[in-house]
Amino acid sequence: MPAIAYGLASALGMKGDALLGLSLVACTPGESMSNVFSYFSRGNMALSIALTLLSNLLAFGTMPLALTVLAPDSRVPFTEIIKTLALTIGPTAAGIALKTWRPRIALWGEKLGAGIGGIAVIGAIVAGVAGNWKQLPFLPAELFISTALLGVLGMFAAYLLAIIGRIKGSRRITLIIETGVQNLALTLALIALAFDNQFSIVVYSYIFGFVICFECLLFTVFVRWSVVRVPLC
């Protein structure tokens with residue numbers, strides 16, 4: 001994703017805060033929202049959770065490395081990374097325990113969690129529009145182009161890698177979603193700590209959050225349609 005972000009920025013002539021804002025979005029790990037989309041897309045939930053955990057663990061090394069290149073004086077929000085891991089590990093452990101000893105309760109909890117997750121996705125889209133609609137006409141075109149293409153190209157790259165690696169079925173669906181969804185809470189915390197919430201940087205996180213929710217929602221709808229799912233998987 002960072003390589004794709006840099007390529008987009010170079011192609012669109014983005015420099016300074018624009019390049020930094022887009023790159024910071026791209027270099028953060030996955031988040032639990034990808035688990036929600038994986039569930040509704042009938043992906044592999046075990047793989048989704050594992051990839052979310054792995055990407056957040058690797059963030060301890062990958063984020064400082066990326067920031068060393070982009071902004072040597074910035075600080076990495078380790079506390080937010082730990083919180084993300086805790087929020088993922090806790091429910092996962094509880095779910096495994098329930099599925100082992102109380103499978104019926106686990107099934108009910110799975111449906112309830114999916115419903116809440118669906119509402120959260122819709123809420124994220126509505127909040128993204130309502131909170132920024134007044135400023136949208138004044139933002140540069142490259143912001144919308146780069147944030148829209150970042151998720152799409154990342155998901156397409158994951159699809160190509162899945163074909164090369166002969167990863168099929170629900171695992172391919174999960175890999176595509178996990179690649180596109182970024183941990184925006186972590187990105188926002190990083191920008192607040194290291195760049196004092198500078199609008200010209202943080203706006204890329206706001207717009208990408210809205211765009212990727214919309215893109216993943218469309219992907220989920222289409223992938224549940226057998227005409228699309230069969231050739232895709």
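**Notebook: a look through an all-helix model**

I started with burial: of the 233 residues of the protein chain, 42% count as buried (under 20% relative accessible area; exposed is over 50%, partly exposed in between, with a 1.4 Å probe and protein chains only). This is a predicted model, where local features need pLDDT of at least 70 and side-chain atom pairs count only at pLDDT 80 or more, while totals for chains, interfaces and linings use all residues. Residues are numbered from 1 along each chain as its sequence is written, and side-chain values use heavy atoms, leaving out hydrogens and water.

**Entry: the layout**

I looked up the elements and got 11 helices and zero strands (DSSP runs numbered from the N terminus: helices are H or I with at least four residues, strands E with at least two). I also looked at contacts, meaning heavy atoms within 4.5 Å. Among those between residues at least 6 apart in sequence, 78% join residues at least 24 apart. The chain exposes about 12,200 Å², and carbon and sulfur atoms supply 71% of that (Shrake-Rupley areas with a 1.4 Å probe; for residues, only the protein chains shown count as cover).

**Entry: the inside**

Which residues have the most contacts inside the largest nonpolar core? I noted L22, L150, V181, Y204 and F219, in a core of 32 residues. A nonpolar core here is a set of buried Ala, Val, Leu, Ile, Met, Phe, Trp, Tyr and Cys residues joined through side-chain atoms within 4.5 Å. Helices α1 (2-12), α2, α3 (33-40), α7, α8 (169-180) and α10 (199-223) each supply at least two of its residues. α10 gives the most, with nine. Apart from this core I found another one of 12 residues, including L24, C27, A66 and L186.

Next I checked Y204. Leaving out residues up to four places away in sequence, Y204 touches M14, A18, G21, L22, V25, L143, S146 and T147. Helix α2 (residues 17-27) is mostly covered, with 10 of its 11 residues buried. Among the buried ones are A18, G21, L22 and V25.

**Entry: a nonpolar patch outside**

I then went to the surface, where L12, I145, L149 and L153 form a nonpolar patch with about 270 Å² of accessible area together. Patch residues have over 30% relative accessible area and no salt bridge; nonpolar side chains (Val, Leu, Ile, Met, Phe, Trp, Tyr) are joined within 5 Å, like charges within 9 Å. A salt bridge is a side-chain nitrogen of Lys or Arg within 4 Å of a carboxyl oxygen of Asp or Glu. α7 brings the largest share of the patch, three residues. I145 sits in α7 and is partly exposed at 37% relative accessibility.

**Entry: aromatic pairs**

How many aromatic pairs does a search of the whole structure find? I got two. Rings of Phe, Tyr and Trp (its six-membered ring) pair if their centres lie within 6.5 Å; planes under 30 degrees apart are stacked, over 60 edge-to-face, the rest tilted. Y39 and F40 are edge-to-face, 5.5 Å centre to centre with 85° between the planes. In the other pair, F156 and Y159 have ring centres 6.4 Å apart and planes at 35°, so I logged the pair as tilted. These two are three residues apart in helix α7 (residues 141-164), about one helical turn.

**Entry: positive phi**

Most residues other than glycine have a negative phi. R42 has a positive phi of about 60° and lies in the loop between α3 and α4 (45-70). R166 has a positive phi of about 55°; I found R166 in the loop between α7 and α8, exposed at 70% relative accessible area.
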